[in-house]
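The entries follow in the order in which I looked things up.

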Amino acid sequence: MRGVIMHGPRDVRVEHRQDPTIVDPTDAVIRLAATCICGSDLWPYRGADPVDHATMGHEYVGVVEEVGAEVRTVKPGDFVVGSFVISDGTCEICRAGYPSSCVHRTFVDGAIGTQAEKARIPFADGTLVATPGQPDPDLIPHLLAASDVLGTGWFAAVAAQAGPGKTVAVVGDGAVGLMGVLAAKQLGAERIIAMSRHKDRQDLARHFGATDIVEERGDAGVARIKELTDGLGAHSVIEAVGTQESMVQAISSARPGGNVGFVGVTHDVELPGQLLFFSQVQVLGGPAPVRRFLPELIDLVWRRQIDPGKVFDLTLPLEQAADGYKAMDERRATKVLLTL
């Protein structure tokens, strides 16, 4: 089969990879219908994370081709959406709602790599969810978004306790931040402030439910959030970047007693103790437990209640994956869908 290999920073190639097969009785092998490039893939692409011949990709939808003897919830022919983290679905951590920290956790990116034609998914029952039937082609991008970016934005909004009567501020206008806007809207937030300097992303944020746009960053961005909230700050803040500036901005934008949901993969973030102490905010985040939300998100997409696939603004065939990485790196694309 063909799959994306990142040999090193800015060195992305599509090469032959061995076809996956069933190894353990809890495995499933799927033929991918679509995959995509994640903003987190840009960290190794830019050299911020070490990379050496890594199998890339962790967002995926497709059709089950084969299952192991112990798989019970999916079968050959099912169209499935999978989480970007492998989980068994039965351990105490999974049952508590955090399958992305399962005792058998494996990150799909690197270990499996789903920017490819096929993939072996361990612990299929705990990782994959079948759709009600074969989706119409136009639904596939929306279902693909549920595999990570939508589920991650959703977790950020839940962690930030977005809901009725709440003002939500979203730090970061990438795909995850935009999905955080969508999630906050679906959870009933009264006011959603998207922080963005880019017209196309501002427009999409408004489509997903943003009521206000703030272009300022850092201290100026915090001051603007305070100005819009009678000097108090937002009830809920979503942090979707992962830098020192974005984390400080997120915590500083929340009111005392507020909540911050952080899902940007952190890089060199060190939070000042006094900021945490005097802010009096609750902070929850990390790798999103996407599998926990998949049944609900698939249902919303299937009933056409949400359209998260609009976050894909460039579609390329798998063979042109390197062009997709370059487009996202240069901010010519928010998120790239790869067809197979």
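**Entry 1: H9 and H10**

I began with helix H9 (residues 218-228) and helix H10 (residues 244-253), which pack at an angle of about 20° with their axes 9 Å apart. Angles under 35 degrees count as roughly parallel, so H9 is roughly parallel to H10. I note that the model is a predicted one. The crossing of H9 with H10 is right-handed. On the H9 side I listed Gly218, Val222, Ile225 and Lys226, and on the H10 side Glu245, Gln249, Ser252 and Ser253. Sorted by class, this contact holds two nonpolar, four polar and two charged residues.

**Entry 2: H7 and H8**

I turned next to helix H7 (residues 175-186) and helix H8 (residues 199-208). Their axes come within 8 Å and cross at roughly 20°; H7 and H8 are therefore roughly parallel to each other. I recorded this crossing of H7 and H8 as right-handed. H7 brings Leu178, Met179, Val181, Leu182 and Lys185 to the contact, and H8 brings Arg201, Leu204, Ala205 and Phe208. I find seven nonpolar residues, no polar ones and two charged ones in the contact of H7 with H8.

**Entry 3: H6 and H12**

How do the axes of H6 and H12 cross, and at what angle? For helix H6 (residues 149-159) and helix H12 (residues 290-302) I have a crossing of roughly 110°, with the axes coming within 10 Å. The range from 65 to 115 degrees counts as roughly perpendicular, which means that H6 is roughly perpendicular to H12. From H6 I noted Leu150, Gly151, Thr152, Trp154, Phe155 and Val158, which meet Val290, Arg292, Phe293, Glu296, Leu297 and Leu300 in H12. The class count for the contact of H6 with H12 is eight nonpolar, two polar and two charged residues.

**Entry 4: the second largest pocket**

I then looked up the second largest pocket, which has about 170 Å³ of space. It is lined by 13 residues, and those closest to its centre are Arg17, Pro20, Ala111, Ile112 and Arg120. Which strand supplies the largest share of this lining? I found that strand S9 (residues 118-121) does, with three residues. By class, I counted six nonpolar, three polar and four charged residues in the lining of the second largest pocket.

Terms used:
Residues are numbered from 1 along each chain as its sequence is written. This is a predicted model: local features need pLDDT of at least 70, side-chain atom pairs count only at pLDDT 80 or more; totals for chains, interfaces and linings use all residues. Side-chain values use heavy atoms; hydrogens and water are left out. Axes are lines fitted to C-alpha atoms, for helices over the stretch in contact, and angles run from 0 to 180 degrees between N-to-C directions. Helices (H or I, at least four residues) and strands (E, at least two) are DSSP runs, numbered from the N terminus. Angles under 35 degrees count as roughly parallel, over 145 as roughly antiparallel, 65 to 115 as roughly perpendicular and the rest as oblique. A crossing is left-handed if the near helix is turned anticlockwise from the far one by less than a right angle, and right-handed if clockwise. Contact means heavy atoms within 4.5 Å. Ala, Val, Leu, Ile, Met, Phe, Trp, Tyr, Cys and Pro count as nonpolar, Asp, Glu, Lys and Arg as charged, and the others, Gly among them, as polar. On a 1 Å grid over the protein atoms alone, a cavity is a set of points where a 1.4 Å probe fits but cannot get out, and a pocket is an open set with protein on both sides within 12 Å along at least five of seven lines; lining residues have an atom within 4 Å of a point. Grid points are joined across faces, edges and corners, and a volume is the space filled by probe spheres set on the points.
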